[in-house]
Amino acid sequence: MEKRLGFGCMRLPLLDQNDQASFDTETLNKLVDTFLAKGFTYFDTAYTYHSYRAEEAMRKALVERHHRSSFQLATKLPLRDLKDRDDMEHIFNEQLENCGVDFFDYYLLHNMGSNVYEKCCKYGAFDFAAKKKSEGKIKFVGMSFHDMPELLDEILVKYGDRLDFVQLQINYIDWEQPNVQACRCLEIANKYNKPVIAMEPCKGGTLVNVPKEAEQLMKAYNAAASIASWALRFAASQQGVFCVLSGMNSIEQIEDNIALMSDFKTLNNEEYDIIEKVVKIINDNTAVQCTACEYCTHGCPKNIPIPKYFALYNSIMRTTSSFSSQMVYYNNIAISHGKASECIDCKQCELACPQHLPITKHLKAVMEKFEKNSIIPTRK
Ligand code: SF4
Ligand code: SF4
């Protein structure tokens with residue numbers, strides 16, 4: 001059984017990890033070429049990815065270097081950024097220009113959730129996308145959804161006739177997580193016969209760098225299988241999922257993913273049992289379930305690099321040694337960014353977080369860990 005693998009463009013290769021627009025063009029071109037050469041065609045970008053520069057990067061790496069009929073391009077309407085109804089038209093036209101195309105194969109209402117749903121209804125975003133489809137500017141309309149199953153149900157009842165598919169966060173760690181409920185969301189999409197694209201199968205890398213104990217379990221069962229392959233196979237094994245997105249930024253990753261998806265095998269019961277154990281181990285070892293999507297950072301008045309701090313925090317919480325390099329990293333980052341203690345509790349970040357994390361509460365824990373006994377260099 002073959003399933004589609006999509007090239008996720010949220011984490012493209014960069015020359016400087018602190019500059020989201022410093023694309024490593026040479027590597028990106030190679031990744032795109034390898035992906036297409038192996039017969040895969042689906043690319044998923046968005047207006048907001050990489051500080052609003054990913055669409056342009058994909059125009060240069062993909063659209064300007066390959067025939068339009070050789071790939072499918074998906075991008076997304078940034079619901080969060082809409083200030084009025086007219087913004088949809090402006091942004092859509094800008095996106096066509098950014099990407100250098102005259103139509104999108106797949107177009108999604110981006111990051112749908114209760115924080116933007118009302119605005120979306122008021123501005124007629126579902127009708128807007130349907131109109132663009134009838135004009136031939138979009139082939140398939142969908143939405144990327146990050147909220148509770150009840151809202152998904154409500155949207156599919158009201159606007160299901162305007163949606164060809166839904167994109168859901170499907171991975172084994174979020175399967176039963178109360179703040180994501182991936183399993184229930186998928187059941188609802190299946191109930192309304194909406195084909196599903198799985199996003200975040202590796203949860204922003206969390207399911208690639210699993211704790212040692214979890215890795216040993218997986219390797220003992222199948223030494224040849226990569227840790228990431230378990231996550232991809234889990235997402236692709238679910239009923240109704242026709243495509244799994246993976247953010248690939250090395251040739252090895254692409255080759256591993258392609259090999260897996262070209263000869264795709266559904267997980268067996270023994271493998272599901274191992275995953276259940278792995279979930280427990282990861283949950284016991286992960287303090288903050290952040291996917292590093294960066295949605296929270298754009299509006300932060302204090303320029304606090306929230307996901308970077310959470311990654312350091314998760315890492316330090318797994319460390320047993322009294323000295324940790326994470327402390328050094330924290331101090332370095334804090335020179336040019338807001339410290340966790342500078343948070344003013346405005347909660348803009350929490351409204352934007354698709355994982356519904358209590359960010360301000362976690363930042364307090366970050367502050368306790370990294371700032372209490374540490375001398376942080378003062379910013380000028
Ligand atoms: S609550 Fe804190 S971290 Fe969140 S946006 Fe406001 S200042 Fe930034
Ligand atoms: S805190 Fe939430 S919005 Fe911010 S990077 Fe993590 S998952 Fe994304």
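**Entry 1: strands and helices**

I began with strand 3 (residues 72–78) and strand 4 (residues 104–112), which run parallel and are joined by five bridges. Strands here are DSSP runs (E, at least two residues), as are helices (H or I, at least four), numbered from the N terminus. Two strands pair if DSSP finds at least two bridges between them. Opposite Leu109 in strand 4 I found Leu77.

Next I looked up helix 4 (residues 86–99). Helix 4 packs on the sheet and touches strand 3, strand 4 and strand 5 (138–145). Contact means heavy atoms within 4.5 Å. The direction of helix 4 makes about 150° with that of strand 3. Axes are lines fitted to C-alpha atoms, for helices over the stretch in contact; angles run from 0 to 180 degrees between N-to-C directions.

Helix 10 (residues 227–237) also packs on the sheet, touching strand 1 (4–8), strand 7 (196–199) and strand 8 (241–246). I noted about 155° between the directions of helix 10 and strand 8.

I then traced the closed barrel: eight strands in the order 1-2-3-4-5-6-7-8, paired in parallel. From one strand to the next, the twist averages 30°.

**Entry 2: basis**

I am working on a predicted model: local features need pLDDT of at least 70 and side-chain atom pairs pLDDT 80 or more, while totals for chains, interfaces and linings use all residues. Residues are numbered from 1 along each chain as written, chains are lettered from A and ligands numbered from 1 in the order written, and side-chain values use heavy atoms, without hydrogens and water.

**Entry 3: domains**

The domain assignment (automatic or from a database) gives domain 1 (4–283) and domain 2 (306–371). Their centres, over C-alpha atoms, are 26 Å apart. I found 13 residues of domain 1 in contact with seven of domain 2. The two bury about 800 Å² between them, 43% of it on carbon and sulfur atoms. Buried area is the accessible area (1.4 Å probe) lost on being put together, summed over both parts. Asn115, His146 and Asn179 supply 42% of what domain 1 buries against domain 2, more than any other three residues.

**Entry 4: ligands**

I counted 13 residues around ligand 1 (a heavy atom within 4 Å); the closest are Cys300, Cys343, Cys346, Lys347 and Cys349. Helix 15 (348–352) and helix 16 (359–371) each give two or more residues to this shell.

Around ligand 2 I found 14 residues, the closest being Cys290, Cys293, Glu294, Cys296 and Cys353.
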